[in-house]
Amino acid sequence: EETLEEEEEPFFLPVEANISFPAIEWRNVPRTPDVKQQIAEVSRILDDIIAGMKRSNNAPDDQYLTEIERQQLIAILTTALVILKAPVVEKALLLKARDALQKAAVKAGEKQAETAFGLLAGQGVSWLSDLIRSIF
């Protein structure tokens with residue numbers, strides 16, 4: 001039975017930050033060594049990004065995302081992590097995760113805040129794009 005680590009609190013998206021988008025295509029995940037490696041890399045980087053966003057304590061003027069945008073991005077990336085463990089994945093969700101991560105990276109660059117986040121997010125976008133191409 002899986003349990004949360006002591007320091008990890010469950011994440012709940014506030015009602016005002018709910019996200020919706022239509023599903024477009026479900027696909028079986030090929031369990032080839034290459035795709036398994038891509039999933040592991042994407043999962044690791046998304047985990048790192050989520051952990052960094054949860055720890056961020058920048059002053060409000062230094063924030064590159066609004067609180068709702070930050071909560072939505074964490075929710076989307078967390079959901080993408082869960083779905084990557086499943087035998088089938090949905091394309092729109094992975095595209096939404098990639099696009100939201102790209103938007104956050106651009107905003108971080110525009111504010112010249114969180115350079116490390118911008119670099120990590122850019123790598124995540126690239127790896128997620130590669131994974132989407134491999135599956136779809």
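Here are a few questions about a helix pair and a pocket.

This is a predicted model, with local features needing pLDDT of at least 70, side-chain atom pairs counting only at pLDDT 80 or more, and totals for chains, interfaces and linings using all residues. Residues are numbered from 1 along each chain as its sequence is written, and side-chain values use heavy atoms, leaving out hydrogens and water.

Q: How do α3 and α4 run relative to each other?
A: Helices here are DSSP runs (H or I, at least four residues), numbered from the N terminus. The axes of α3 (residues 91–111) and α4 (residues 115–135) come within 9 Å and cross at roughly 155°, where axes are lines fitted to C-alpha atoms over the stretch in contact and angles run from 0 to 180 degrees between N-to-C directions. Angles over 145 degrees count as roughly antiparallel. So α3 and α4 are roughly antiparallel.

Q: Which residues of α4 meet α3?
A: Contact means heavy atoms within 4.5 Å. On the α3 side, L94, L95, A97, R98, L101, Q102, A104, A105 and A108 take part. Their partners in α4 are F117, G118, A121, G122, G124, V125, L128, S129 and I132.

Q: Which helix gives the largest share of the lining of the second largest pocket?
A: The largest share, 5 residues, comes from α3.

Note on methods: Helix = DSSP H or I, 4+ residues; strand = E, 2+ residues; numbered from the N terminus. Parallel < 35°, antiparallel > 145°, perpendicular 65-115°, else oblique.
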